[in-house]
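Hello,

Here is the structure we talked about passing on. Please have a look at it first, then read the notes below.

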Amino acid sequence: IAETHFILELGHQCDFVSGVVGKVDIEKGVIAHQQLETFAKDPLFCGIRPMLKNMGENRWLELARLNDIILQLIELDLSFECMVLPSELDELCLYLNIHPDLRAVLSHGGMPDICADGYQYWADKITHIAKETQIYCKLSGLTTLADKGWDIDTLRPYVEHLLSCFGSERLIWGSDWPVMLCAGNYSDWSVISDELLSGIEEDGKQAIYAKNAQRFYKLRKNS
């Protein structure tokens, strides 16, 4: 919570922060609702990104308090970032169909287990959730999910599948900085992204790199 306040303050002090996705204590009932209500008054605040995958497989979907937060997000027209494992995508799909008005985005391409060659399992889950819901997806974090010796060909099938499922209309490019420094650097990921997206028309690239984020997060400042 302190970090979210801190980043919002930074956003108001500079001219290059267009929006902030923060956190609330989703397991604290009334306190979480109060936190969200307070943050929502700030025009830079876009939504929340709880660390759902750290709560234990599928447990987060059973939290009644999370359901209440989701309803509040919809009421306040805020976004929800879903950082989940491939094994949770089917249940997430069901959950999103219960709340079709929720603006949701899947973090890090649905977190494929690239190290363990978990492509097909992940790909099938991604195909299903992309077809059955309106969720957006982040094109980010893939380098940190791969082995240390990754190269562009390691990532290519994952990026191509995300493009085939979400198209250029629902993909949002992200750097995953600074976590991505554990597996490379910003420049490498930027260059590789350009190469992997080279077959897309310019309008599609602009959508993935900027316009989809502007639309999804409803950015109001310098976007």
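This is a predicted model: local features need pLDDT of at least 70, side-chain atom pairs count only at pLDDT 80 or more; totals for chains, interfaces and linings use all residues.

**Lys205 and helix H8**

Lys205 lies in helix H8. Not counting residues up to four places away in sequence, Lys205 touches Leu197, Ser198 and Ile200. Cys14 is 191 residues from Lys205 along the chain. The C-alpha atoms of Lys205 and Cys14 are separated by 27 Å.

**Helix H6**

H6 spans residues 152-166 and has 15 residues. From its first C-alpha to its last, H6 reaches 20 Å. That is close to the 21 Å expected at 1.5 Å a residue. Which residues of H6 are buried? They are Leu155, Tyr158, Val159, His161, Leu162, Leu163, Cys165 and Phe166.

Strand E3 (residues 79-82) is covered on both faces. Ser79 and Glu81 are buried on one side. Phe80 and Cys82 are buried on the other. E3 pairs with strand E2 (residues 45-48) in the parallel sense, over 2 bridges. Here Gly47 stands opposite Ser79. E3 also pairs with strand E4 (residues 103-106), again in the parallel sense, over 4 bridges. In that pairing Ser79 stands opposite Arg103. Between E3 and E4 the chain passes through helix H4 (residues 89-98), and this β-α-β crossover is right-handed.

Lys138 has its place in strand E5. Is Lys138 buried or exposed? Its relative accessibility is 16%, and the cut-off for buried is under 20%, so Lys138 counts as buried. Leaving aside neighbours within four places in sequence, Lys138 is in contact with Glu81, Val105, Leu106, Ser107, His108, Gly109, Ile172 and Tyr217. Glu81 in that list is one of the buried residues of E3.

Asp176 lies in the loop between strand E6 (171-173) and helix H7 (186-196). Asp176 is buried, yet has no salt bridge. Which side chain of opposite charge is nearest to Asp176? It is Arg49, 5.4 Å away. Beyond its neighbours within four places in sequence, Asp176 is in contact with His108, Gly141 and Thr144. His108 is also among the contacts of Lys138.

Best wishes

Note on methods:
Residues are numbered from 1 along each chain as its sequence is written. Side-chain values use heavy atoms; hydrogens and water are left out. Buried means under 20% relative accessible area, exposed over 50%, partly exposed in between (1.4 Å probe, protein chains only). Two strands pair if DSSP finds at least two bridges between them. A crossover is right-handed if, with the strands pointing away from the viewer, the path from the first strand over the helix to the second runs clockwise. Lys and Arg count as positive and Asp and Glu as negative; His and the chain ends are not counted. A salt bridge is a side-chain nitrogen of Lys or Arg within 4 Å of a carboxyl oxygen of Asp or Glu. Contact means heavy atoms within 4.5 Å. The expected span of a helix is 1.5 Å times one less than its number of residues.
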